[in-house]
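Dear colleague,

Here is the structure I said I would pass on. My notes on it follow below.

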Amino acid sequence: MKISKAGTGGFQAAIFSIDQSGVGTPASITVQGVTVKIGVPAMGGSYEGKLANPDGTAITGIWSQGPNARPLDLVLANEKTAWVIPEPPPPPKLTPANANPAFEVATIKPTQEGTRFSIHPTNSGNLVATDTSLAYLIKFAYQVHPRQIIGAPA
């Protein structure tokens, strides 16, 4: 979590996952006296704690997400303890208008009842997609907008 002073005199916060892109999830933060409240709507989570010392470098509190609430103490990071926030990924490359996309082999089977949408690459370089439309696979593979797919069967 990165908390910083906002231009309006208050604070702003963002939650980062160090194993994902460097794009933070916005969080709201309020400080009233020694009470700190942080809301993360995108994660359905909230935090409420109290400043644990006069210099404001530690907060003792509770993280709540869904029906779960857990103790969580926050300590101000320094150069030695702070994790590096990864840089955001570069924007996706657009497929040129004159591209002629192709694929080597595809096996398409009807979806079995009760399966859920999933798409994942395998270690062998294959892509396994379940309960996924061909239009979505083309969009995923070639990063095109669905309206760019012309002449495909319904």
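**Hairpins and sheet**

β5 and β6 form a hairpin with six residues between them, and glycine 56 in its turn has a positive phi of about 70°. Strands here are DSSP runs of E with at least two residues, helices are runs of H or I with at least four, and both are numbered from the N terminus. The model is a predicted one: local features need pLDDT of at least 70, side-chain atom pairs count only at pLDDT 80 or more, and totals for chains, interfaces and linings use all residues. Residues are numbered from 1 along each chain as its sequence is written, and side-chain values use heavy atoms, with hydrogens and water left out.

Pairing of two strands requires that DSSP finds at least two bridges between them. Strand β5 (residues 45-51) is joined to strand β6 (residues 58-65) by seven bridges in the antiparallel sense; one of the bridge partners is isoleucine 62 in β6, which faces glutamate 48. β6 then runs antiparallel to β7, with eight bridges between them. These two strands also form a hairpin, with two residues between them, and glycine 66 in that turn has a positive phi of about 60°. Glutamine 65 has asparagine 68 in β7 as its bridge partner.

Alanine 14 has proline 26 in β3 as its bridge partner.

**Overall form**

The protein has nine strands and one helix, and from the N terminus on its elements run β-β-β-β-β-β-β-β-β-α. Its radius of gyration is 23 Å, well over the 15 Å that the globule rule gives for 154 residues, so the protein is more spread out than a compact globule. That radius is taken over C-alpha atoms, and the rule is 2.2 Å times the number of residues to the power 0.38. Along the principal axes, the C-alpha trace spans about 65 × 40 × 30 Å. Buried residues make up 14% of the 154 residues; buried means under 20% relative accessible area, exposed over 50%, and partly exposed in between (1.4 Å probe, protein chains only).

**Individual residues**

Methionine 1 sits in the segment before β1 (2-5) and counts as partly exposed because its relative accessibility is 41%.

Alanine 106 is in the loop between β7 and β8 (118-121), and at 46% relative accessibility it is partly exposed. Alanine 106 and leucine 127 are 21 residues apart in sequence, with 9.6 Å from C-alpha to C-alpha.

Two residues other than glycine have a positive phi. Aspartate 131, with phi near 55°, lies in the loop between β9 (127-130) and α1 (134-142); its relative accessibility of 38% makes it partly exposed. Glutamine 143, with a positive phi of about 50°, lies in the segment after α1 and is partly exposed, at a relative accessible area of 42%.

Regards
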